[in-house]
Amino acid sequence: MLSLSSVSAGYGSFQALFGVSLDIARGEAVGVIGPNGAGKTTLMRVISGMLPLSQGNMTFEGEAIGGKPAHHIIEHGIAHVPENRRLFPKLSVEENLRVGAFIPSARTRFAEQLDWVYSLFPKLKDRRAQAAGTMSGGEQQMCAIGRALMSKPKVLLMDEPSAGLAPIVVSQVFDLVGKIRAEGLTVLIVEQNVQQVLDVVNRAYLLEVGAIKLSGTAAELKGNSFIRESYLGL
Amino acid sequence: MDLYLLEAIINGILLGGVLALLALGLNLIFGVIDVIWISYADIVMCGMYAVYFLYAQYHVALPLAFLIAIVGSACLGVLVHKLIIAPVLDAPPLNQLLATGGLLFFLQSFATLLFGTDFRNIGVRLPVLEVATMYLSFARLIAFGVALVGAFALYFFLKKTYVGTAIRAIAQDREIVGLMGIDQRRIYLVVSAIGGALAGLAACLLALQYDVHPFIGNTFGPVIFMICVLGGLGNMLGGFFAAFIISLIIAIGGYYWSTELSYVFAFTFFIVLMFIRPRGLFTP
């Protein structure tokens, strides 16, 4: 469904990704794990069009999308929940969700999508008139995911959804991933929380210094001695 | 209460309406695009000339002349963005200030070259209303009413529409809005058009009360900036209320002393408040 081949990208003269290739099939949940500074966030930014790729190809449902700006990529059905949530703090929860439905195809079914997001996250409905910046971290993460879902995407990119949250909230966030998958969405999730992400994805890639070092099913990676030593601390 | 003082206060509030409209436009542009249009008052000057020539010279019906002036000012706003702001968007703030400052001199000199320095009046004499022995300018009353309608229309646009919500969102996090399908450059054009249209609307309302000349922008440009900074730059509601505070100071000062001195009071008030609340009166 989404496929990257030999994608390189960077910021100015600094190169962050070196020939990354990956494939995601419809309905899959795929994880990208790796240490800080490995290029995980850069990878997400390249896929959603926030950062142009310098080399390589990217296709989505057979169509080349490499080099398209972010506001075009979203129309293909790829939504990105950015690192640190990045809600609009002074807008209300519902206004944040309305911004998420900005693209024309989403505006026409705004009411329907809003009901769906509220049924997934009832807490957001209770807080719909509250300024998004005044909510707790976990609620903000729900709102950020809800905002991305408002565009009715086919693929959801999640960048460190558990970062900066209390441990109990972290497991709630991973429960959300399960809920979203149950809705038939394809999910690509970047995480430092290796143990928990391997519990919710089918497959994962290990990214180190901007290149894919390992890949396999969640079970294979959990059993891999390198992963066990370096990332699971076993 | 002294009836003459009351009259001065009412006239002050009425004047505040148009200033509030201009403060909204300037704050909108600053809040969203993060560039200060030093030449904003000169867009108003261009709008006033448009009204003058259409109505007084070419005898276009006044409402149509107003409409053309507003649409023309909106187009001028878009043009200013495309030609002057867009190329310096990533430049240091000082360069942006110099670019829009340069536009100010360009517009003023160009108007002088084309129209000379004559004071021109559209020649519409609206009656002065006598209410309980107070004299209230009908032109100001209309200006106040229309300015309020304009301000509320802008409020509903920003609050209730997708584009309006996107405009408020972009002011809070400009880097991320692309992920929601919002094209920053298009929003900037929309905002520049709205800013231009507000200047055009103010131009129509001011043309009913004042003569137009190439340097009319200098008479209220500084006051608008003072209002915006007093309310907190980019804070639209703050600027709206600050407009009435300043216009009241000017009106009351003008009543007790003189108009010239009243500006001294207004700017003194502003300077003192900047020491007490450097980020603006209404910024928490």
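User: Which residue of β4(A) does A:S8 stand opposite?
Analyst: A:S8 faces A:Q55 in β4(A). Bear in mind that this is a predicted model.

User: And how many bridges hold β1 and β4 of chain A together?
Analyst: Five bridges pair strand β1 (residues 2–11) of chain A with strand β4 (residues 55–60) of chain A, in the antiparallel sense.

User: What's the strand order in that sheet?
Analyst: The order is β2-β1-β4-β5 in chain A, an open sheet of four strands with antiparallel pairing.

User: Which strands stand at the edges, and why is one side of each left without a neighbour?
Analyst: The edges are β2 (14–24) and β5 (63–64) of chain A. Each has a single partner strand, so one side of each has no neighbour in the sheet.

User: Which strands does helix α1 of chain A lie across?
Analyst: Helix α1 (residues 40–47) of chain A lies across β1, β2 and β4 of chain A. Relative to β2(A), the helix runs at about 65°.

User: Switching to domains. How is chain A divided?
Analyst: Domain 1 of chain A covers 1–77 + 154–234, and domain 2 covers 85–153. Taken over C-alpha atoms, the centres of these two domains of chain A are 23 Å apart.

User: How many residues are in contact between them?
Analyst: On the domain 1 side of chain A there are 15 residues, in contact with nine residues of domain 2 of chain A.

User: Which element gives the most on the domain 1 side?
Analyst: α8(A) does, with five residues. α2, β7 (155–159) and α8 (167–182) of chain A each supply at least two residues of that side. By class, the side of domain 1 of chain A that touches domain 2 of chain A has nine nonpolar, three polar and three charged residues.

User: Now the chain A and chain B contact. How many residues from each?
Analyst: Chain A puts in 22 residues and chain B 14 residues. On the chain A side, α2 (70–76) and α3 (93–100) each supply at least two residues.

User: What classes are on that side of chain A?
Analyst: The side of chain A that touches chain B has 11 nonpolar, five polar and six charged residues.

User: Last one, chain B. How do β1 and β2 run there?
Analyst: Strand β1 (residues 128–131) of chain B and strand β2 (residues 134–137) of chain B run antiparallel, joined by four bridges. B:V131 is placed opposite B:M134 in β2(B).

User: Which residue in that hairpin takes a positive phi?
Analyst: B:A132, near 45°. The hairpin of β1(B) and β2(B) has two residues between the strands.

Definitions and conventions:
Residues numbered from 1 in each chain as written. Chains lettered and ligands numbered in written order. Predicted model: local features only at pLDDT ≥ 70, side-chain atom pairs only at ≥ 80, totals over all residues. Contact = placed C-beta atoms within 7 Å. Nonpolar A, V, L, I, M, F, W, Y, C, P; charged D, E, K, R; others polar. Domains from an automatic or database assignment. Pairing = 2+ DSSP bridges. Axes fitted to C-alpha atoms, helices over the stretch in contact; angles between N-to-C directions.
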